[in-house]
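Biologist: I've got this one open on my screen and would like to know where the labels come from. Can you talk me through it?

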Amino acid sequence: MEIYHGSTEQVELPEIREPNRTLDYGVGFYLTSSREQAESWVRRKFKGDVLRGWLNVYEYLPEIESDLSVLSFDIPDEQWLDFVMANRMNKDFTHDYDIVKGPVANDRVYASFALYEAGLLNKQTLISELKTYKLVNQILIHTEKALAAIRFIEAVEITK
């Protein structure tokens with residue numbers, strides 16, 4: 001299965017890097033099975049002198065998962081929301097999963113998350129609303145050991 005990482009650089013050798021902000025699934029290397037989603041991640045970085053980026057393509061090796069701790073969310077449910085909010089709201093939150101897979105909140109969903117974070121939307125209403133959106137997935141490679149689950153194929157240039 002092909003999976004993608006959108007970046008301003010070619011990433012032949014992925015690394016686990018500390019982000020400069022809190023992210024849905026925590027620290028790690030983020031991918032998606034949606035080529036369109038990865039391309040949109042690249043295009044969001046086009047600012048100022050940044051006029052090109054890379055769609056990094058990898059082969060996902062699911063057989064590696066048998067030796068890893070994997071957390072998978074099929075839908076945006078209460079467990080998913082609690083996990084995402086713990087990662088977003090507490091910069092010191094950590095987990096022991098090697099890989100986390102599940103829905104990604106796209107730009108249209110962030111407004112709903114903001115209402116929830118402000119206490120203006122309760123958990124069940126937010127989950128019900130999220131289920132009306134077509135959410136793509138994201139895959140977090142959280143540990144060095146889990147990087148063995150992906151193999152670089154190519155980097156495709158994306159321009160403004």
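Predicted model: local features only at pLDDT ≥ 70, side-chain atom pairs only at ≥ 80, totals over all residues.

Biologist: Which residues of helix 1 are the buried ones?

Modeller: Gln-37, Ala-38, Trp-41 and Val-42. Buried here means under 20% relative accessible area.

Biologist: How do you know that they line one face of the helix?

Modeller: Look down the axis of helix 1: the buried residues fall within an arc of 145°, so they line one face. As a rule, residues three or four places apart in an α-helix point the same way, because there are 3.6 residues a turn.

Biologist: Why are helix 2 and helix 4 called roughly perpendicular?

Modeller: The axes of helix 2 (residues 78-89) and helix 4 (residues 123-130) cross at roughly 105° and come within 10 Å. The label covers 65 to 115 degrees, and the pair is therefore roughly perpendicular. On the helix 2 side, Glu-78, Trp-80, Leu-81 and Asp-82 meet residues of helix 4, including Lys-123 and Leu-126. By class, that contact has five nonpolar, one polar and three charged residues.

Biologist: And the open sheet with the order 2-6-5-4: what makes strand 2 and strand 4 its edges?

Modeller: Strand 2 and strand 4 (70-72) each have a single partner strand, so one side of each is left without a neighbour in the sheet.

Biologist: How do you know that strand 2 pairs with strand 6?

Modeller: Pairing takes at least two bridges, and three join strand 2 to strand 6 (residues 137-141), running antiparallel. Phe-29 stands opposite Ile-141 in strand 6.

Terms used. Residues numbered from 1 in each chain as written. Heavy atoms only, no water. Buried < 20%, exposed > 50% of the residue type's maximum accessible area, 1.4 Å probe, protein only. Helix = DSSP H or I, 4+ residues; strand = E, 2+ residues; numbered from the N terminus. Arc of directions from axis to C-beta. Axes fitted to C-alpha atoms, helices over the stretch in contact; angles between N-to-C directions. Parallel < 35°, antiparallel > 145°, perpendicular 65-115°, else oblique. Contact = heavy atoms within 4.5 Å. Nonpolar A, V, L, I, M, F, W, Y, C, P; charged D, E, K, R; others polar.
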